[in-house]
Amino acid sequence: MTDCVETSTPSSSTIVYVHPRKEPFEHGLIPISKLIFTDGTQTLGPLRDKLLERSAQSPTRRVDSRAVSEILQISPDHARLVLDTVATVHHSDSDPLVAAKPSEVDSAGVDVYDLVLYLYIQSYKRLLPRGQRDPAAVADVWPSTSAFDGYLSALSPLQLVRSNSRRSMPSQADEEAHQLSYLQKHLANILSLLADAVEGESEESLVLTMEKFEHLEFLIYFGEKGPEKIPLRQAAPFFANSDPDMPAAPVPVTEVHDWLLQNIASTLEHISERLSVKENGSPTASDQDVQMADACASSTKALPSVRGPSFIEGISKSSYVKQASDLKGSSVKVVNCHDSVIYILAPLRYATIYGCSEVTIVVGAVGKAVRVEHCERVHVIAAAKRICIANCRECVFFLGVNQRPLLVGDNHKIQVAPYNTYYSQLEEHMNLVGLLATINRWDEPVALGVVDPHDSLSHPAGVSDVQTESAIRLDPDQFTNFLIPNWFQNESSGTTKDNPFVLPDAYMTSQHRNHNSLGEIKQILREAPLEETRKRELSSALHVYFKDWLYASGNIRQLYCLQGD
């Protein structure tokens, strides 16, 4: 692999591998049939030309949601969802669409080439769990109570996850190899959508300018550690020494294609070697799947991989807390946790919650996206730019979100409610990730297809456009505030003293009513005409009932874990 990227230091020369950006594949896929093009460039090529023609009418050379709606023939709501999603998974925080406030998204518009790349990867299909690659096995998908009995299985999300241990689920390296293989297969089409034809030459003579080449940063990057990425123009030998004041000459697409294929092959070979070593009992530091034991926060810590997210995995019957200082990187994955309370009090870009049950999870400020998948009877309390709920059952979401919650897949009995907690640094973290407390669209869920066309399962004809079950609002009488204990009394506290999101009137009224009722009960107990011995007996009985509730609810574990801290 003589043409692979190398970086030199005074003491060594290190190969720098190409990697897929996982964000578009993990948080950017939307189950809308009109966005999925399986014929390569045959349809997308003419659509690109129409989008470019429309962008030429704008001073920004970009397109808004109206243009996207008209050209792709999708609803205005879906067009806005596309723009919001592109912003969520975009590689550059300085892009006008990413930096735009919610009211400015259409005026900022989306770059046509970024949009075309985004639309192209809607044909991507996620990697199946290792144990489900057999066609007979993959035919069964939860739940049996669905309208599609006979094709969806009897497994609930929890049973589905338990039937696939972490070792049988795709590892980070497996997923990276799968994404790279997809890009390897479709690279010629992707480059042709970015390329320009040479005037006077045949249609096969395509060239790529440096500006168009850099759009590939939407999909790939060079470098080993998350923030330590090499700009694509520096990684490419044909643009490495270009002068900003004198743009480099366009490069034949075939040259770019061959160079990228060589680098992808090198990375795939490296991943294969790494997995081979791991399977032989010697896991490498760069791809450890950290497994958490049943323990409290004081006795176990999640170690992130060098390049991937921090994993919080396998927490059971415990309370667990992570702050910003405990996490490396800007994304977290909570996997296979059960019957616990998990606090992630940190500013993040992305968060994924997968395969959890009977868990309360508090996720601090998330500036890009939260994805909750295959969960059962979980309470999620999240302040985030957006949230996607997929294949979940009997879950309640207490949300402070700037964009409409997205429901995809086979969801059942999902409830949404306004955000109901705070911690001392919450507003500071929200400011760091660009989350607005003045906008909360928790009660405007968007329900898309019950079948996810991005999985690798086969689905019966006619079900791809069936809408998933939407979420309902939590009854205000069932709404309560959630108190986050202050573990860190000696550390400097932030300025947040209350929930930064304004409660709707119905929930505020219910909260005041509950508070007043509690005050009345306290007053009655204080003024009860009882002798001192009877008062002591009453106090003792209340403590007994409270203790019984602590044990019955499992909250006693929180006290033990906190006491251990």
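In this predicted model, Phe238 has a relative accessible area of 15% and is therefore buried, since residues under 20% are placed in that class. Phe238 and Trp259 form an aromatic pair of the edge-to-face kind, with 5.5 Å from centre to centre and 80° between the planes. Phe238 belongs to the loop between H12 and E8, whereas Trp259 sits in helix H13 (residues 253-279), so this pair ties together parts that are 21 residues apart in sequence. Trp259 is buried as well, at a relative accessible area of 5%.

The count of aromatic pairs comes to 11. Among them is the pair of Phe213 and Phe238, which is edge-to-face, at 5.7 Å centre to centre and 75° between the planes. Here Phe213 lies in helix H11 (residues 210-213) and Phe238 in the loop that runs between helix H12 (232-235) and strand E8 (251-252); the pair therefore ties together parts 25 residues apart in sequence. Phe213 has 0% relative accessibility and so counts as buried. Ring pairs link Phe213, Phe222, Phe238 and Trp259 into a cluster.

The surface can be considered next. Ile521, Leu525, Leu530, Leu538 and Leu542 make a nonpolar surface patch of about 390 Å². At least two residues of this patch come from each of helix H15 (505-527) and helix H16 (532-553). Leu525 is located in helix H15. With a relative accessible area of 37%, Leu525 is partly exposed, because the value falls between the limits of 20% and 50%.

How values were computed
Residues numbered from 1 in each chain as written. Predicted model: local features only at pLDDT ≥ 70, side-chain atom pairs only at ≥ 80, totals over all residues. Heavy atoms only, no water. Patch = residues over 30% accessible without salt bridge, like charges linked within 9 Å, V, L, I, M, F, W, Y side chains within 5 Å. Areas by Shrake-Rupley, 256 points an atom, 1.4 Å probe, with all protein chains shown as cover. Salt bridge = Lys/Arg side-chain N within 4 Å of Asp/Glu carboxyl O. Helix = DSSP H or I, 4+ residues; strand = E, 2+ residues; numbered from the N terminus. Buried < 20%, exposed > 50% of the residue type's maximum accessible area, 1.4 Å probe, protein only. Phe/Tyr/Trp six-rings, centres within 6.5 Å; stacked < 30°, edge-to-face > 60°.
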